[in-house]
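User: I am new to this structure and would like to understand the words used for it. Could you take me through them by question and answer?

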Amino acid sequence: MRNIFLFIRRYFVFISFLVFQFIALWMLFTYNRFHTAAYLSVASEVTGHINTQYDKVDDYFHLREENKRVHHMNDSLLNLLHFNFYISDTSKKLVIDSTKYDTLVKFRRYLWREAKVVNNSVASEKNYLQINRGAAQGIKENMAVVNSDGAAVGVVVNTSENFSEVMSLLHIQSRVTASLKKTGDYGTLEWDAQSPYFITLRGISKNIDVKRGDTVVTSMYSYNFPPGLMVGTIANINSDPATGFYDLKVRTAAKFNSIQQVFVIENLQREEQMKLEKDTEKKIEQEKRTTR
Amino acid sequence: MSDLIRNIFRLIIFILVQAFVLNKIPHLHRFIVPYLYYLFILWLPFSTPRFALLAIGFVTGLALDYFTMTPGLHTAACVLIAYVRPFIINVLTPKEFTEFNYREPSPRGMGWAPYTVYVLILTLLHHTYLVFLEWLDFGTFLSFLIKVISTTAISMLLILTVELLFPRRLKYRTNTV
């Protein structure tokens with residue numbers, strides 16, 4: 001027993017070195033798998049406040065672009081207003097819905113919340129954005145994030161009280177389903193950590209006619225993203241000789257360098273969908289067992 | 001200003017500069033990330049106990065990690081260089097002096113050549129370990145090598161520039177405290 005204490009005292013520094021290393025590596029590897037780290041929510045409250053201060057200055061450098069984007073968005077929305085349309089058929093009459101508010105809350109599928117990006121990176125292999133809305137404002141994990149233009153940006157992976165972390169599409173672990181606007185065929189968006197302007201769309205089979213400049217939108221099979229939101233345009237078509245699929249380079253519609261205002265989109269039916277999926281799996285498993 | 005307060009200020013400045021200047025500037029190439037923050041560990045006084053060095057290394061790395069959202073990555077590298085630091089200093093100390101004349105490692109106190117070697121070894125160690133951990137879940141061996149070499153080169157350039165631009169006013173170590 002005495003020898004053990006002597007040993008510990010003699011190698012105290014080395015042992016504490018090993019302990020510190022172990023803690024660090026444990027944090028690193030658990031975080032990579034689950035994206036929730038020890039004390040992260042406490043820490044991101046602090047970093048969030050510092051990032052907000054920095055962002056106040058940084059904002060001025062992107063005002064012009066952001067303004068243009070918002071104007072563009074307003075333009076497309078104004079065009080949808082009913083007074084733009086003239087009804088020529090007199091047998092029909094225009095009925096304006098008298099319910100001013102959405103009373104059919106049950107049938108609403110997507111809820112949009114605005115948020116402000118306070119920290120952003122494009123330079124590493126794992127890029128995150130920090131936004132100034134958190135659990136207290138109703139942000140939950142797995143909500144989709146789009147920029148002020150309505151172009152896909154990423155998915156919320158972690159929330160604290162007033163801030164949340166968004167895994168950008170520019171993250172080597174990011175997997176988002178997207179489809180070709182023209183044909184509706186869907187594949188998976190990945191990033192190869194090469195350039196912040198391009199992401200890769202995999203899983204589109206080679207018998208589909210794809211051209212450069214084709215639009216890629218979010219898929220209707222996604223649990224997070226509403227269907228039909230802009231992702232980007234195809235910049236380069238490579239066919240993977242090993243498989244029957246294309247390897248499409250997509251130029252992202254969102255300019256990741258200068259994202260300021262974003263929308264966080266909640267799929268209100270997500271839990272129900274996930275529950276159904278899980279229940280189905282369970283049911284099939286049980287049936288397999290009983291028939292055996 | 002006491003050592004403690006001075007070093008707390010240094011830590012804050014180094015972390016903020018790393019997180020908001022060096023990580024934000026558009027990179028020349030995706031391999032090159034300019035790292036400077038670990039210079040804080042290299043500048044700690046000679047008299048820092050070894051356990052305290054490890055603890056400070058841990059805190060430094062963790063502080064940056066929470067800004068870059070990579071908990072554990074920089075922490076592991078910082079703890080490693082904090083552990084190795086005393087050995088390197090022992091090797092590079094001129095044998096005829098039993099005590100250091102200055103409080104912290106600096107080019108003026110140690111001489112330019114030993115100081116550069118000291119910085120180079122720890123920089124290489126820090127970057128190799130850091131890039132190795134990144135490489136474990138992503139990348140090829142070639143990109144690993146290029147990344148280690150290029151980040152080390154740019155870090156050395158930054159550190160030497162900092163040493164030339166901000167010469168630290170060093171107090172001579174005296175018996176009258």
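This is a predicted model: local features need pLDDT of at least 70, side-chain atom pairs count only at pLDDT 80 or more; totals for chains, interfaces and linings use all residues.

User: What makes up chain A in terms of helices and strands?

Analyst: Chain A has 5 helices and 12 strands. Buried residues account for 39% of its 292 residues, and its accessible surface is about 18000 Å², with 58% of that on carbon and sulfur atoms. Looking at contacts between residues at least 6 apart in sequence, 62% join residues at least 24 apart.

User: Why is the pair K116(A) and D55(A) called a salt bridge?

Analyst: The cut-off is a side-chain nitrogen of Lys or Arg within 4 Å of a carboxyl oxygen of Asp or Glu. For K116(A) and D55(A) the N to O distance is 2.7 Å, so the pair meets the rule.

User: What does the pair of K116(A) and D55(A) tie together?

Analyst: K116(A) sits in strand β1 (residues 110-120) and D55(A) in helix α3 (residues 40-58) of chain A, so the pair ties together parts that are 61 residues apart in sequence. Both K116(A) and D55(A) are buried.

User: What makes D279(A) partly exposed, and is K275(A) buried or exposed?

Analyst: Exposed means over 50%, and partly exposed covers the range between that and the buried cut-off of 20%. D279(A) has a relative accessible area of 33%, so D279(A) is partly exposed. K275(A) has 54%, so K275(A) is exposed. These two residues also form a salt bridge, with their closest N and O atoms 3.5 Å apart. Both lie in helix α5 (residues 270-291) of chain A, 4 residues apart, or about one turn of the helix.

User: Which residues are joined into one network by salt bridges?

Analyst: R175(A), E190(A), R202(A) and D247(A) are joined by salt bridges that share partners. Over all chains the count of salt bridges is 17.

User: How do you know that E125(A) and K147(B) form a salt bridge between the chains?

Analyst: Their side chains come to 2.8 Å, N to O, and the limit is 4 Å, so the pair qualifies. Between chain B and chain A the count is 1 salt bridge. There are also 6 residue pairs in polar contact across this interface.

User: Which helices of chain B supply the side that touches chain A?

Analyst: α1 (3-22), α3 (50-68), α4 (73-92) and α6 (112-137) of chain B each supply at least two residues to it. The largest share, 8 residues, comes from α3(B). By class, this side has 20 nonpolar, 4 polar and 6 charged residues.

User: How is the size of an interface often given, and what is the value here?

Analyst: The size is often given as the accessible area lost when the parts come together. Chain B and chain A bury about 3100 Å² between them, with 71% of it on carbon and sulfur atoms. In chain B, Y66(B), M69(B) and F138(B) lose the most area to chain A, together 23% of what that side buries. The contact involves 30 residues from chain B and 35 residues from chain A.

User: What makes the phi of N142(A) and A193(A) worth a look?

Analyst: Most residues other than glycine have a negative phi. N142(A) is not a glycine, yet its phi is positive, about 75°. A193(A) is not a glycine either, and its phi is positive at about 60°. N142(A) is in the loop between β2 (126-131) and β3 (144-147) of chain A, and A193(A) is in the loop between β7 and β8. With 31% relative accessible area, N142(A) is partly exposed, whereas A193(A), at 6%, falls under the 20% cut-off and so counts as buried.

User: Why is K126(A) called buried, and what does it touch?

Analyst: K126(A) has a relative accessible area of 13%, which is under 20%, so K126(A) is buried. K126(A) lies in strand β2 of chain A. Leaving aside residues up to four places away in sequence, K126(A) touches N32(A), L170(A), H171(A), I172(A) and D137(B).

How values were computed: Residues are numbered from 1 along each chain as its sequence is written. Chains are lettered from A and ligands numbered from 1 in the order in which they are written. Side-chain values use heavy atoms; hydrogens and water are left out. Buried means under 20% relative accessible area, exposed over 50%, partly exposed in between (1.4 Å probe, protein chains only). Contact means heavy atoms within 4.5 Å. Accessible areas come from the Shrake-Rupley method with a 1.4 Å probe; for residues, only the protein chains shown count as cover. Buried area is the accessible area (1.4 Å probe) that two parts lose on being put together, summed over both. A polar contact is a pair of N or O atoms within 3.5 Å; within protein, one must be able to donate a hydrogen and the other to accept it, and residues adjacent in sequence count only if both atoms are side-chain atoms. Ala, Val, Leu, Ile, Met, Phe, Trp, Tyr, Cys and Pro count as nonpolar, Asp, Glu, Lys and Arg as charged, and the others, Gly among them, as polar.
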